[in-house]
Amino acid sequence: MPKGGEIMVAKKGEEYVCEVCGLAVNIVDECGCEECAIVCCEVPMKKKE
Ligand SMILES: [Zn+2]
Ligand SMILES: [Zn+2]
């Protein structure tokens, strides 16, 4: 169940970027998490649209 706000789930093929340092990652293999946070610079990375 969504708990409000944006729940981040990493899906295969998605790209995430760190808004602090600019690091970009691609999801090669997705996980089975209901809620997944990829953290860089102590900030959750944002999905690149
Ligand atoms: Zn970073
Ligand atoms: Zn995960």
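Two strands are said to pair if DSSP finds at least two bridges between them; helices (H or I, at least four residues) and strands (E, at least two) are DSSP runs, numbered from the N terminus. The structure is a predicted model, in which local features need pLDDT of at least 70, side-chain atom pairs count only at pLDDT 80 or more, and totals for chains, interfaces and linings use all residues. Residues are numbered from 1 along each chain as its sequence is written, while chains are lettered from A and ligands numbered from 1 in the order in which they are written.

The protein contains five strands and zero helices. Three of the strands make up an open, antiparallel sheet, ordered β2-β1-β5. Because β2 and β5 each have a single partner strand, they stand at the edges, with one side of each left without a neighbour in the sheet. Strands β1 and β5 run antiparallel and are joined by two bridges, and Val17 stands opposite Lys46 in β5.

Confidence comes next. The mean pLDDT (the predictor's confidence in each residue, from 0 to 100) is 87 for the protein, with 88% of residues at 70 or more. Among the elements, the mean is highest for strand β2 (residues 24–26), at 96, and lowest for strand β5 (residues 46–47), at 92.

Of the 49 residues, 2% are buried (20 or more other C-beta atoms within 10 Å of a residue's own; exposed means 12 or fewer, partly exposed in between, with C-beta atoms placed from the backbone). Gly13, in the segment before β1 (15–17), counts as exposed because it has 8 C-beta neighbours inside 10 Å. The C-alpha atoms of Gly13 and Asp29 are separated by 8.2 Å, with the two residues 16 apart along the chain.
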